[in-house]
Amino acid sequence: MHSRTVNGDSRLAFWLRVREFAVPPSMIKSATARRTAGDWAGACAAAHVDVDLNLRSVARSHGEELAAQIRADLRHLAPDLLRWHMPRIAPDGLLRPGLTVSLARYRPTGQGDGVHLVARTPPAWADAGQRLSLALWDGSRSAPRPHPHPRPNRRFRLDLHRHLWDARRSGDLRVRSGADLPPADPLLVAERTGPPARDCAVDRWAAEVGILLRAEGRAGGGVTVRLGGRHRLLLELAAPGDAYPPDPPRITTAAGGGDPALPVLPDAATWVLPDLALLRAGLIEADQLHPLVAPALVPGHRPADTPPIPDGGASPRLVDCRGAQHRIGLVNGVLVPLDHDPAEIRREELLASLTGTPLPCLQVIDEVHRHPAGLVDIRARLDHGDIAGALAAVEGLLGPDALLRGGALREELETAALRQVAHGMFRAGLAGLGPPPVLPTGNRSRDRRTHPRHATPR
């Protein structure tokens, strides 16, 4: 049971659920092994990241020097760490759809805004598997594959936050997250920023504004901070300088959407890092964090040698059956009653087929097939693209040779398979930017718009 803190804070509950399912340990382990072996493409494949760029083409179109810079960044890209820190939306913690995030910006002479290494998420109707894609953007409106928003988003950008995806810079997370600073007093924060101030990283804003202004080639001035909905703040920093900590910026409430000509403070700098908030609330242990995040936020932490592996419910379960305690368990890869002989089971199954009431042991087995107690977690794994984890959980409940019966569990698995077809159509460019004519169906409705209505938790 979670503490009162998580039950009273929807943001903490949201991120706790995301950390449990969004980036499974098996993905992190596989991607890390391939990255450390020098196989950046294999690491991307392990982290469900599609690569939509060709370095030979980059060298031909932009020169060998730029291609070498991009190649060096790709070799140190930790795609599982990128997935860990990507923007997500409520209520399920899925990747924010239809998004283009700049990871690095290169400025070759005469290329205008330069060339960006970007990570993209598909639109909501094609989000099966929660896959990301890597590509280059050179200022054009087109993308290698159809995408609703190919231009890098000003609000969601990570080119100023390499520690969120570059393994070489992961140690910077401690300073950039403000982990060395005491938690800000919510009342004092509210006085400065207004009602939406909860979870704002105001103590880091001055330093982050300076980083942003220098990156934009400005000696001073203002930046816009988006706090959700139509609430905007104008931060004005007279001279960023190099002093630490810098003087706090002057904060002014901006009406409407703010000034579009001003730089936008990235979300990664606006809000308290979710992992830091979870650690401070005592809701997560260091071993539950990403291996590149834990040592930055918990100095001196040593990862456990062998993480605990759940048994998946493989041990026999007890059932009250006609006044006695009976067991059900896995035998030869199938969930069966252990305290009834085969002849009795055949009679009871025949009785049930004739609309009779079967044994309680058989009723429990049927319920596990159709609507198991772990369905919520299985659904979460499917939603986040952890197909292997979901199937392992099903096999732990029913056995690897079980024949699924009609019910909620089967519908979830069928829906996940059908949605893979929609994603394949999107990747192949066969469905354009809208949903295909026949959408996957299931027992849950999903918002198919590029940007769902639910607000983004911080």
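A residue counts as buried under 20% relative accessible area, as exposed over 50% and as partly exposed in between, with a 1.4 Å probe and protein chains only. The model shown is predicted, so local features need pLDDT of at least 70 and side-chain atom pairs count only at pLDDT 80 or more, while totals for chains, interfaces and linings use all residues. Residues are numbered from 1 along each chain as its sequence is written, and side-chain values use heavy atoms, with hydrogens and water left out.

**View A. The hairpin of S10 and S11, with Arg 322 in its loop.**
Helices (H or I, at least four residues) and strands (E, at least two) are DSSP runs numbered from the N terminus. Two strands pair if DSSP finds at least two bridges between them. Strand S10 (residues 317–321) pairs with strand S11 (residues 324–331) in the antiparallel sense, over 5 bridges. Asp 320 has Gln 325 as its bridge partner in S11. The hairpin has 2 residues between the strands. Arg 322 has a phi near 55°, which is positive in a residue other than glycine. Arg 322 counts as exposed because its relative accessibility is 56%.

**View B. Gln 130 in the loop between S5 and S6.**
Most residues other than glycine have a negative phi, and most peptide bonds are trans. Gln 130 is not glycine, and its phi is positive, near 50°. Is Gln 130 buried or exposed? At 2% relative accessibility, Gln 130 counts as buried.

**View C. The cis peptide bond between Ala 90 and Pro 91.**
Omega of this bond is about 5°. Pro 91 is found in the loop between strand S2 (88–89) and strand S3 (94–95).

**View D. Strand S6 and its two neighbours, S1 and S5.**
Strand S1 (residues 49–51) and S6 run parallel and are joined by 3 bridges. Val 49 has Leu 132 as its bridge partner in S6. S5 and S6 run antiparallel, with 5 bridges between them. His 116 has Trp 137 as its bridge partner in S6. In a regular strand the side chains alternate between the two faces of the sheet. In S6, Leu 132, Leu 134 and Leu 136 point one way, and Ser 133, Ala 135 and Trp 137 point the other way. Why is S6 largely enclosed by the rest of the structure? The reason is that 6 of the 6 residues of S6 are buried.

**View E. Phe 14 and Trp 15, an aromatic pair.**
A pair of aromatic rings is described by the distance of the centres and the angle of the planes. Rings of Phe, Tyr and Trp (its six-membered ring) pair if their centres lie within 6.5 Å; planes under 30 degrees apart count as stacked, over 60 as edge-to-face and the rest as tilted. The structure holds 2 aromatic pairs. Phe 14 and Trp 15 lie 5.3 Å apart centre to centre with 90° between the planes, so the pair is edge-to-face. Phe 14 is buried, with a relative accessible area of 8%, and Trp 15 is buried, with 7%.

**View F. Trp 125 and Phe 426, an aromatic pair that links distant parts of the chain.**
This pair is also edge-to-face, at 6.0 Å centre to centre and 90° between the planes. Trp 125 is in the loop between strand S5 (115–120) and strand S6 (132–137), and Phe 426 is in helix H18 (residues 408–428), 301 residues apart. Trp 125 counts as buried at 1% relative accessibility, as does Phe 426 at 6%.

**View G. Helix H2, residues 10–21.**
H2 has 12 residues and reaches 17 Å from its first C-alpha to its last, close to the 16 Å expected. The expected span is 1.5 Å times one less than the number of residues. Among the buried residues of H2 are Arg 11, Leu 12, Leu 16 and Phe 21.

**View H. The largest cavity, of about 440 Å³.**
A cavity is a set of points on a 1 Å grid over the protein atoms alone where a 1.4 Å probe fits but cannot get out; lining residues have an atom within 4 Å of a point. Grid points are joined across faces, edges and corners, and a volume is the space filled by probe spheres set on the points. The count comes to 2 cavities of 30 Å³ or more. The largest cavity is lined by 31 residues, and His 85, Asp 267, Ala 268, Trp 271 and Pro 274 are the closest to its centre. Helix H2 (10–21), helix H8 (173–177) and helix H11 (267–270) each supply at least two lining residues. The lining divides into 17 nonpolar, 5 polar and 9 charged residues. Here Ala, Val, Leu, Ile, Met, Phe, Trp, Tyr, Cys and Pro count as nonpolar, Asp, Glu, Lys and Arg as charged, and the others, Gly among them, as polar.

Terms used
On a 1 Å grid over the protein atoms alone, a cavity is a set of points where a 1.4 Å probe fits but cannot get out, and a pocket is an open set with protein on both sides within 12 Å along at least five of seven lines; lining residues have an atom within 4 Å of a point.
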